[in-house]
Amino acid sequence: MQKYIKIFTAFTLATVFVFASFLSAAASPATRERHRQLQQQHRDAQRELQEQQNLLGNTRHEMSQVMLEMQELDRQLAETAEALEGIELSLLDTQIRIADAEDALQAARDDYDLQFETLRARVRVMHEEGSLAMLDVLFQAENIRDFFARWEFIRVAAQFDRDLLDGIQETEHLIESHLEDLARWRMMVETLLFQYSRTHENLEFLMHERTAWFEQLADDETALEELLAIAEYEERMAAASFEQIQTQLRREEDELARARAAAAHNERLAQLNNFGGQFMWPIPSHSRISSQFGMRHHPILRQNRHHSGIDVGAPTGTRLYAAADGYVRFAGWSGGYGNTVIIDHGGGFSTLYAHNSRNRVASGQFVTRGQHIADVGSTGMSTGPHLHFEIRINNRAVDPMNYFPR
């Protein structure tokens, strides 16, 4: 029967190793490569999505800046329009002044012409009569009063001539002043109109340029939003594919781990099934046996009873070691045994360690020969700290002393 069990175990172990090798060499590398590709695709999609988001953010920021510039241009246009109203008022006032100046200039010219004609007439008379005519006028006076009257007439005539000349000169100066004012005002009007025209043209050009740029940015924003939507969709699809292959990879890795664990478990079982019953002393630091295997007078129950193991005296806390490789079948409290550890070594062999102060292993754990598994104590039905040690074959207690090297 043992032979068939060993053959079956070896076959099972070989099958598990083949299955694990298949997972490692066939499925997992392909899945890992697909996982790597999808992970790279996901990263590329995330990078593309980030780039589109950055482009869209930059475009919207630029649109906001252009909008601020357009608002500033609108403000400047409004100021220019207000300035135009002022210029138009100044122009109207200047035109009125020009008209008044032209009227005054024409009146001055008319006065000048009249004064000049009068002067010409006086000069002609004086030329024709000469300076002796004035003396004849004086000498023809009948008396002194008439003389002074004639003298006053001559003086007034002379003063009239001087005033006429002064008036002509003053009129000439007035005409020159009016001409200078007209030239200055006309120059001012031309300058104002030129400045307004240039400013208004520049602002309109900038507004047209910014409006066209804003419209272009709006078109770019629409296109970028469409590209962003595509990038978001591709990123979601890449993430879903990546998550799916990641789940598959985890599942295959879990299956592979389970297969390897099963292979290791079966290998250990195979080794345990080959166990020949050779044990190491579980408490190397102490060897005094206080109670042998077999019938004895129970120190607590006060009656003869079969003692299913041996008791080895040792201080509380002394380390206990596994007598051979195996799986911990039980680790916990077991009635009169107190804290107990039972190890299955395969081939029907098991060992029991009782009255422990503390167990250092757990049920289901694999332990190796010489591993620290518990500490000496006096739990359960015990009169003092010691190790109660048993060896069982197919769950039947045997004398442990027959299974230690001599």
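Me: Which residue's side chain meets Arg-210 in a salt bridge?
Reply: This is a predicted model, where local features need pLDDT of at least 70, side-chain atom pairs count only at pLDDT 80 or more, and totals for chains, interfaces and linings use all residues. Residues are numbered from 1 along each chain as its sequence is written, and side-chain values use heavy atoms, with hydrogens and water left out. A salt bridge here is a side-chain nitrogen of Lys or Arg within 4 Å of a carboxyl oxygen of Asp or Glu. Arg-210 has such a link at 2.8 Å, N to O, and the partner is Glu-69.

Me: How many residues apart in sequence are the parts that Arg-210 and Glu-69 tie together?
Reply: Helices (H or I, at least four residues) and strands (E, at least two) are DSSP runs, numbered from the N terminus. Arg-210 sits in helix H3 (residues 144-273) while Glu-69 belongs to helix H1, so the pair joins parts whose separation in sequence is 141 residues.

Me: What separates Arg-47 and Asp-44 along helix H1?
Reply: These two form a salt bridge, with the closest N and O atoms 2.4 Å apart. They're three residues apart in helix H1 (residues 2-129), so the spacing is about one helical turn.

Me: Which strand holds Asp-344, the partner of Arg-329?
Reply: The side chains of Arg-329 and Asp-344 meet in a salt bridge at 3.8 Å, N to O. This pair links distant parts of the chain, 15 residues apart: Arg-329 is in strand S6 (residues 326-333), and Asp-344 is in strand S7 (residues 339-346).

Me: How many salt bridges does a search of the whole structure find?
Reply: Some of them form a network, linking Arg-60, Glu-221 and Glu-225. Searching the whole structure gives a total of 11.

Me: Which residue's backbone nitrogen lies 3.0 Å from a polar atom of the Thr-379 side chain?
Reply: Thr-379 is in the loop between strand S11 (372-375) and strand S12 (386-393), and at 19% relative accessibility it counts as buried. Leaving out residues up to four places away in sequence, Thr-379 touches several residues (heavy atoms within 4.5 Å), among them Trp-333, Tyr-337 and His-355. The backbone nitrogen lying 3.0 Å from a polar atom of its side chain belongs to Asn-339.

Conventions: Buried means under 20% relative accessible area, exposed over 50%, partly exposed in between (1.4 Å probe, protein chains only). A polar contact is a pair of N or O atoms within 3.5 Å; within protein, one must be able to donate a hydrogen and the other to accept it, and residues adjacent in sequence count only if both atoms are side-chain atoms.
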